[in-house]
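Here is a short briefing to read alongside the coordinates. Take a moment to turn the view around before you go on.

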Amino acid sequence: MRMRKSLMFFLVVVALILSACGGAPTPASPGEQGAAGPAVTEQPAAAPSQPERKVATLIYTQEFDNLAPLYTSMWFVWTTWQMNNHWAWEFDENNEPFPRLVTEIPSAENGGISEDGRVITMKLRDDIKWSDDTPLTADDFIFTWEMAVSPSNTVATTYPYDAIESVTALDPQTVVVTFTDPFAPWLATLWHGILPAHVLRPIYEAEGTIDNADWLRNPTVGCGPYSFAEWESGSYARFVRNENYWGTPAKIDEIFIRFVPDDASQVAALKAGDADLGTFISYADVPGLKDAGLSIMVEPNGYSEWMFFMVNEEKGHPALLDVRVRKAIAMAIDREGINRDLLLGLTKVPASFWDALPYYNDPPLENYPYDPEAAKALLDEAGWVDANGDGVREKDGVDLEIDHATTIREIRQDAQAVMQQQLATVGIKLNVSPVDDTLYFASYAENGPAARGEFDIQEWSDGPLFPDPDLYYWLCDQIPTDENPVGENWFYICDEELDSLIKLQSTQVDAAERQKTISQINQLFYDQVYIIGLWQDPDVYAVGSRLKNVKFSGVTMFFNISEWDLEE
Amino acid sequence: MGRYILKRLLQGIPLLFFVSLILFLLMMNMGDPVATMGGRRVTRSSDYERLRRQLGLDKPIYIQYLYWLIGNDWAKTDLDGDGIAETPGTRHGILRGDFGTSLLARKPVLEVIGERLPNTLMLMVASEFVIILGSLLVGIYSALRQYSFMDNLLTAILFIAYSMPIFFIALISMYVFSVLFKRWGLPYLPTVGMFDPQAGRTTAQVLWHMVLPVLSISLISFAAYSRYIRSTMLEVMSQDYIRTAKSKGLPGREVVFIHALKNASLPIVTVIGLDLPLLLGGAVVTERIFAWPGMGRLFLDHVDRADLPVVMGILMLIAVAVVVFQIITDVVYAWLDPRIRYEK
């Protein structure tokens with residue numbers, strides 16, 4: 001027994017020493033700093049003698065998969081690209097674009113967009129540079145495109161780079177992007193972070209891929225206001241002020257990101273003052289956080305919670321083929337009430353897929369009102385009546401009994417219960433099925449219920465390719481089949497007019513023309529009631545009282561992070 | 001004994017092979033890693049097909065298992081989707097020490113596991129130490145003073161602790177000792193993580209941050225172990241040889257710790273032997289709630305996103321540990337009880 005105790009004690013001591021030594025903040029890898037030497041001017045994290053050092057602690061509920069542009073679509077990683085990288089142009093708190101690495105945003109007026117809409121010419125700033133002092137030039141943009149489309153790189157998505165015919169440089173500050181066909185969504189989809197060619201090109205030339213480059217996880221060379229310092233798996237990541245930054249220097253010394261997967265723990269940490277910023281805050285936690293002195297900030301991000309009707313003769317309830325029934329359902333649900341009671345009035349009911357893009361929601365649509373009597377009249381008119389007095393309407397021997405499925409997210413289950421009750425009052429029986437996320441969103445090949453269109457009404461949070469208005473996945477050829485199992489039209493709606501309008505807008509580089517087409521689509525969605533908006537699904541942040549000057553964007557979330565400050 | 005150990009190790013090889021096969025088949029059905037790579041959106045169909053091809057997920061299951069087992073450096077793969085396999089594989093297979101590359105972290109599985117293992121060991125070994133030491137003290141005390149007020153009080157407290165789910169213990173202790181204590185102006189414990197970023201990662205900070213996780217992990221097992229020890233000690237203490245030892249005039253401490261406890265330890269060693277390999281797996285719930293970067297969270301995070309190489313790596317590590325610790329348990333049996341012999 002004594003031997004075992006000794007062994008245990010020894011193991012504890014060794015593990016503690018390993019932990020305390022192994023995890024000590026380490027300077028950026030000199031190997032990746034280039035010839036100019038380390039650019040990360042880092043102070044030790046243990047600095048009790050330097051109380052003026054400002055460290056902001058952010059809580060992320062998911063850990064990064066990697067930190068490289070192109071290689072991930074994870075929201076949390078995207079936020080880091082406003083710290084140690086940049087988009088060519090970014091988006092402000094109103095989700096309006098502003099130039100970052102370019103001198104101005106390309107437009108037809110400034111000659112940045114060719115007449116045929118295929119060529120985008122970008123003028124880069126002449127003062128931008130990487131944190132190791134290497135100038136950031138057109139070559140970095142060309143290299144980023146090459147890496148995106150290289151078949152040996154397992155990037156998360158090749159979109160929209162696979163639509164590009166060539167990227168060339170007229171000079172170090174002029175990038176010319178030529179698309180194969182006119183490509184409207186370029187502003188929202190191009191240049192989400194830039195790869196440093198001088199760091200990664202030698203690796204690509206040696207290995208034929210950058211998949212294994214250390215930079216993907218340790219991007220010590222960056223071009224943002226902060227430099228990546230350290231990422232300990234499962235625990236934290238640190239970004240320290242880039243003293244070599246070409247723009248306005250950051251006010252906070254260090255951004256410390258702690259990975260806390262449990263929502264309740266995140267709330268406890270925020271209340272205890274162990275963090276300055278919380279992400280993806282649940283609505284139920286908002287009152288408690290406000291009471292603890294935190295501010296709740298809500299930023300539209302293009303996503304809204306939608307009910308999608310299965311308007312398909314082979315799938316879905318036959319009643320849903322009649323637009324009057326769909327409209328009746330929209331009018332029988334008190335969506336304003338759901339927003340007020342379940343979401344604490346922090347959001348509003350979306351009337352359009354483009355609510356967060358007012359330019360495209362023009363003229364702005366108004367929601368169908370909550371009017372159960374009008375809903376009953378519509379159902380009567382459509383021939384759905386409760387002849388047998390069982391409380392459920394029927395027609396031709398078929399009950400108006402509709403299957404509605406969504407995930408087990410608490411707010412969805414609460415809303416389902418309310419909708420079930422309200423629809424019952426107009427004679428519609430709603431069978432609700434909460435399904436685990438992973439099972440619900442499994443692919444068509446894996447017999448995922450959403451992908452297979454197994455329910456009459458499906459529900460999840462969705463939107464256009466924000467901040468671009470495109471919505472290609474409503475196309476008829478995106479309906480999944482055994483031959484095309486990767487189709488993304490899980491609504492199984494094939495409307496020829498909608499199909500042609502969606503195809504048209506994707507090629508309209510002229511914003512005004514495109515706006516007209518999107519408005520037509522908007523009206524079509526509204527008239528046909530293919531979807532019902534339940535609530536906008538914005539990003540919800542909890543901000544501690546000592547964190548100042550914080551603004552959020554729904555696109556480039558931490559676009560003004562260099563202006564954030566800490567005040568006791 | 002040496003031959004016995006060798007024989008058990010050899011028996012473990014086909015067992016591990018069988019375990020790996022079953023686990024691989026199960027894991028292949030746990031989800032689609034590419035489906036979640038689109039972030040909040042469904043992965044675009046063209047990216048979906050490309051990534052499955054590049055990551056080798058488009059191959060039949062038996063080929064994927066073969067590659068996982070022996071590697072694919074003897075085969076060529078089609079990376080660009082032109083139908084021609086022209087790029088040589090780079091994997092060596094688990095039999096040659098290559099556990100593969102994480103589909104999410106894009107680095108070797110052993111490196112991914114190696115980053116988390118020390119944190120888990122630190123937490124779990126400390127907890128196991130608290131559990132064993134505490135339950136021995138309480139178990140022996142309760143056995144020696146059966147039905148006394150303290151025995152009844154301890155029994156009541158331990159049953160309450162045992163009946164609480166660990167997430168409840170963890171969250172309530174965090175709320176009380178961190179949030180409320182701070183509100184009341186008392187010295188308070190940290191909520192999450194391994195250290196305060198302002199103070200830096202020092203041994204004192206790590207120890208301070210371990211208090212609540214260790215408390216949460218220990219409480220339930222502590223209750224179970226101490227009841228177990230109490231029961232075995234009561235049984236042994238009523239044996240004739242204990243009475244003989246007492247009547248010979250041996251000091252009470254010697255009777256309890258030398259004669260009784262050693263014999264009462266045999267069933268306890270079995271329980272501990274079964275528990276020890278599971279320490280490697282970490283405490284899934286506790287690590288998640290206290291944001292402790294250990295193996296339990298690693299497993300959960302990667303199961304969630306169907307990162308098969310990492311999940312298989314963790315499971316195989318635990319499987320090997322179970323086999324090895326069972327052999328060690330048998331050896332300890334023989335050490336504790338001279339009557340046990342494994343060889344003729």
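How many bridges join β4(A) to strand β6 of chain A? There are five, and the two strands, with β6 covering residues 174-179, run antiparallel. Please keep in mind that this is a predicted model.

**Chain A as a whole**
- Chain A contains 14 helices and 21 strands.
- Its radius of gyration is 26 Å, close to the 24 Å that the globule rule gives for 568 residues, so chain A is as compact as a globular protein of that length.
- Taken along the principal axes, the box filled by the C-alpha atoms of chain A is roughly 80 × 75 × 45 Å.
- Buried residues make up 51% of the 568 in chain A.
- If you take the contacts in chain A between residues at least 6 apart in sequence, 67% of them join residues at least 24 apart.

**A three-stranded sheet**
- β4, β6 and β5 of chain A form an open sheet in the order β4-β6-β5, with antiparallel pairing.
- The edges belong to β4 (119-123) and β5 (164-171) of chain A; each has a single partner strand, so one side of each is left without a neighbour in the sheet.
- On average, neighbouring strands of this sheet are turned by 15° against each other, direction ignored.
- For a spot to look at where β4(A) meets β6(A), find A:V119, which stands opposite A:T178 in β6(A).

**The helix on the sheet**
- Helix α3 of chain A, residues 138-149, packs on this sheet and touches β5 and β6 of chain A.
- The direction of helix α3 makes about 165° with that of β5(A).

Technical notes. Residues numbered from 1 in each chain as written. Chains lettered and ligands numbered in written order. Predicted model: local features only at pLDDT ≥ 70, side-chain atom pairs only at ≥ 80, totals over all residues. Helix = DSSP H or I, 4+ residues; strand = E, 2+ residues; numbered from the N terminus. Rg over C-alpha atoms; globule rule 2.2 N^0.38 Å. Buried ≥ 20, exposed ≤ 12 C-beta atoms within 10 Å, placed from the backbone. Contact = placed C-beta atoms within 7 Å. Pairing = 2+ DSSP bridges. Axes fitted to C-alpha atoms, helices over the stretch in contact; angles between N-to-C directions.
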